[in-house]
Amino acid sequence: MGQQQTRRNLAVAISAAFIAAIAIFVAIILPAEFGRDPLGTGRVLGLSGVSETTADALDAQLEFHKTDEVEFILEPFQSLEYKYLMDEGNGLVYSWSADGELYFDLHAENITVEDYEESYAEGDAARDMGVYQAAFNGMHGWFWENRGFETVTLRFKTSGFYVNATEFRGGGSSDRSPAPVFDN
Amino acid sequence: MHGGLPIKHALLLLTALLSATLVAGAQAHNMADGDAAFVAGNAGAAVFPFIYLGAKHMVTGYDHLLFLAGVVFFLSRPGQVIQYVTLFAIGHSITLIAGVLANIQVNAYLIDAIIALSVVYKALENMGALQRLGRWHPDTRLAVLVFGLFHGFGLATSLQELELHPDGLVINLISFNVGVEIGQIIALSLIVAAFSVWRRQPSFENTAFISNAALMCAGFVLLIYQLTAWQFAS
C-alpha cells in the first residue's frame, strides 16, 4: 500500500511540475521573450515586448537636424580643421571628396575633460564617407592637409545633429551656423 | 500549526526558483554584450579576464546552478560533495576544452535543452522516482559525469559564439575553465551552506519532495524555453 501511495505521489508531482512548467511558459515567458500572447496574459501583466530591442535600431535626437555643405581650397602644404560642436549621442552622416590625395584625421576633443582627445580614423585618401556618433560632448571633426605639390579642391557635405561648425585655418578660426532643414 | 509550515517553505522555494529562472531567462544565458565585445576584440593571452569571464558565466548560469543544487540536495558530508562536484568538473572540462580546440559545433539550443533535461533528471533522482518507477538503476556518479560532459559542450558553444582569436587560445581557454571552477566553488559554497541550514529544520523531510518537484518544474520551463527558442531561430 505504501509502495502504491509513493508511486501515486510521484505521478502527481511529476505531472503537476510539467503542467505548471507549461502554464508558466505560455502565460509568462512566451509573451515576454517571444512576443506571442495566446492567453492575453502578457498584455494584462504588461510583459509584451519586454525583450524587444527597438532601442538599438532607433536613436531619437533632440538637436535640430541640419545640413552643411562647404568647399575648401588647399594649396600645397596647407592644412585646415573643420569641426562640429556636438553633444554625446548626436550623430551625423558625412561625405567628402577631393580632386587630389589629402592626409586626414577624424578626431574629437572633449570640452568637459581638459586635454582629452580621441582620433577615430586617419590616413591618406581622396574621399571618405560614413556615419559618426559623438561619444562625448565636444568638438568633432576633420583635419585635412595637402601634402602634395598641386592645389586640391575639397568638397564636404554633412547632414546631422550638431550645434554649429568652426573652421580653423592659418591660426584663426571662424564659426558657421548651418541652417536647420526646417525653420520651425 | 506545524502542518502549514512545509507548504509555506516549498512555496517560498518555488517562487525563488521561478523568479531566478525568469530573470535569468531574459538573457538566454549568453555572454553579456560588453563581455562579448571584449572577447571579440581580444587577441593574445589574457589570463585574468578569462578567469573572470569563466567565473561570471558559472555564477550567473542558472541552468548549471539548478543542476548543482539538485546534485548536492541530499549530500550532507563534505567528502561526498567534493566527489560529485569533481566528477561534474571533470565532465565539463573535457568537453569545454575539446569542444573549443577541435571546433566541434553543436546546436546551442539543443545542448541547453539537454542541460535543462539534466535538471529534470536530477530532480527525479532526488524524488526517488528512478528506484520506484523502473527496474534499471542508473549509477548516480556516472550520471553526474555524463551530464557534466553536456554542460561542458554548453560552455564550449557559448564561448565559440564569441569567435575567439587563435592567438593565446589555449591559455585563454584554460583560464576560462579555471574561472568556471572558481565560480562553481563560490556558488556551491553558498548552496551547500544554505542546504545545511535547511537540512537541520524539521520541515526538511517534508519539503524535500515538493522542493524537488519545483526544481523539476524549473527544468521543464528551461527545456520548453530552449526548444521554443530553437524553433524560432531556425
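Which strand of chain A holds Ser79(A)? Ser79(A) sits in strand 2 (residues 79-86) of chain A. Helices here are DSSP runs of H or I with at least four residues, strands are runs of E with at least two, and both are numbered from the N terminus.

This is a predicted model, in which local features need pLDDT of at least 70, side-chain atom pairs count only at pLDDT 80 or more, and totals for chains, interfaces and linings use all residues. Residues are numbered from 1 along each chain as its sequence is written, while chains are lettered from A and ligands numbered from 1 in the order in which they are written.

**Around Ser79(A)**

Ser79(A) is partly exposed, because 16 other C-beta atoms lie within 10 Å. The scale is this: a residue is buried with 20 or more other C-beta atoms within 10 Å of its own, exposed with 12 or fewer, and partly exposed in between, with C-beta atoms placed from the backbone. Leaving out residues up to four places away in sequence, Ser79(A) touches Phe143(A), Trp144(A) and Glu145(A). Two residues are in contact if their C-beta atoms, placed from the backbone, lie within 7 Å. Tyr103(A) is 24 residues from Ser79(A) in sequence, and their C-alpha atoms are 9.1 Å apart.

**The two chains**

Chain A has three helices and eight strands. Along the sequence its order is α-α-α-β-β-β-β-β-β-β-β. Of its 184 residues, 23% are buried. Among chain A contacts between residues at least 6 apart in sequence, 74% join residues at least 24 apart.

Chain B has ten helices and zero strands. Of its 234 residues, 42% are buried. Among chain B contacts with a separation of 6 or more, 93% are between residues 24 or more positions apart.

The contact draws 18 residues from chain A and 18 residues from chain B. On the side of chain A that touches chain B, 14 residues are nonpolar, two polar and two charged. For these classes, Ala, Val, Leu, Ile, Met, Phe, Trp, Tyr, Cys and Pro are nonpolar, Asp, Glu, Lys and Arg are charged, and the others, Gly among them, are polar.

Axes are lines fitted to C-alpha atoms, for helices over the stretch in contact, and angles run from 0 to 180 degrees between N-to-C directions.

| Helix pair | Angle | Axes |
|---|---|---|
| Helix 3 (residues 47-59) of chain B and helix 9 (residues 169-200) of chain B | about 40° | 6 Å apart |
| Helix 6 (residues 108-126) of chain B and helix 8 (residues 140-160) of chain B | roughly 155° | within 9 Å |
| Helix 6 of chain B and helix 10 of chain B | about 165° | 8 Å apart |

Helix 3 of chain B is oblique to helix 9 of chain B. Angles under 35 degrees count as roughly parallel, over 145 as roughly antiparallel, 65 to 115 as roughly perpendicular and the rest as oblique. This crossing is right-handed. A crossing is left-handed if the near helix is turned anticlockwise from the far one by less than a right angle, and right-handed if clockwise. The contact of helix 3 with helix 9 of chain B has 15 nonpolar, eight polar and one charged residues.

Helix 6 and helix 8 of chain B are roughly antiparallel. Their crossing is left-handed. Among the residues that meet are Ile111(B), Ile115(B) and Tyr121(B) in helix 6 and Phe147(B), Phe150(B) and Gly154(B) in helix 8 of chain B.

Helix 6 and helix 10 of chain B are also roughly antiparallel, with a left-handed crossing. Their contact has 19 nonpolar, four polar and one charged residues.

**Cores and burial**

The largest nonpolar core has 67 residues. Such a core is a set of buried Ala, Val, Leu, Ile, Met, Phe, Trp, Tyr and Cys residues joined through C-beta atoms within 7 Å. Val120(B), Met216(B) and Phe220(B) are among the residues with the most contacts inside the largest core. Helix 1 (2-34) of chain A gives two or more residues to this core. Helix 10 of chain B gives the largest share, 13 residues. Apart from this core lies another, of 20 residues, including Met86(A) and Trp144(A).

Helix 4 of chain B is largely enclosed by the rest of the structure, because eleven of its eleven residues are buried. Among them are Tyr62(B), Asp63(B), His64(B) and Gly70(B).
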